[in-house]
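My notes are below the display.

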Amino acid sequence: CSMRIKLDVGGTVFSVARSTLLSGKESFFHSLLVGGFNTAPEEDGCYFIDRDPEMFPLIINYLRGYRHEPFYMLGKKQLNKLRFEAEFFQLQEILDMLPVELLCTFELRAT
């Protein structure tokens, strides 16, 4: 089913094929659309996601099949933002593509 889903991410609306969102198995989007979350679109037809929209195009392009998205061109601050968004959206494949030293930065302080 290639039904279009509208997502309002931090005030920016994105239209994405349902099949694209469901390509990330066990992700936030899978829970949102198939089960796990008790969520329905708002009156305007959008699912509201209270996140920063800056990195969202990279997330969506990855789900669209652009597996070689140029993450290496991002600066450290942007890579950290992408990491936080990939964690929120439960996209382990993106996390696996990011530099290991970036992923360990904050966890070490928690102990």
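The entries go from the whole chain to single residues.

I am working with a predicted model, where local features need pLDDT of at least 70, side-chain atom pairs count only at pLDDT 80 or more, and totals for chains, interfaces and linings use all residues. Residues are numbered from 1 along each chain as its sequence is written, and side-chain values use heavy atoms, with hydrogens and water left out.

**Confidence.** I checked pLDDT, the predictor's confidence in each residue, from 0 to 100. The protein chain averages 85, and 86% of the residues score at least 70. Over residues 106-111 pLDDT stays under 50. For that stretch the model has five contacts beyond four places in sequence. Where pLDDT is low, the predicted coordinates should not be read in detail.

**Fold.** I counted helices (DSSP H or I, at least four residues) and strands (E, at least two), numbered from the N terminus. The protein chain has six helices and three strands. Their order from the N terminus is β-β-α-α-β-α-α-α-α.

**Contacts and surface.** I took contact as heavy atoms within 4.5 Å. Among contacts with a separation of 6 or more, 54% join residues 24 or more positions apart. I then looked up the accessible surface (Shrake-Rupley, 1.4 Å probe; for residues, only the protein chains shown count as cover). The chain total is about 6900 Å², and carbon and sulfur atoms hold 53% of that.

**Burial.** Of the 111 residues in the protein chain, 37% are buried.

**Helix H3.** I went to residues 56-63 next, where six of the eight residues in H3 are buried. They are Phe56, Leu58, Ile59, Ile60, Tyr62 and Leu63. Just after H3, Gly65 takes a positive phi of about 110°.

**Ser27.** I found Ser27 in the loop between H1 (18-21) and H2 (28-33). Ser27 is buried because its relative accessible area is 0%. Beyond its neighbours within four places in sequence, Ser27 contacts Leu21, Phe89, Gln90 and Leu91.

**Ala17.** I placed Ala17 in strand S2. Its relative accessible area is 26%, so Ala17 counts as partly exposed. From Ala17 to Arg64 I read 9.0 Å, C-alpha to C-alpha, with the two 47 residues apart in sequence.

Key:
Buried means under 20% relative accessible area, exposed over 50%, partly exposed in between (1.4 Å probe, protein chains only).
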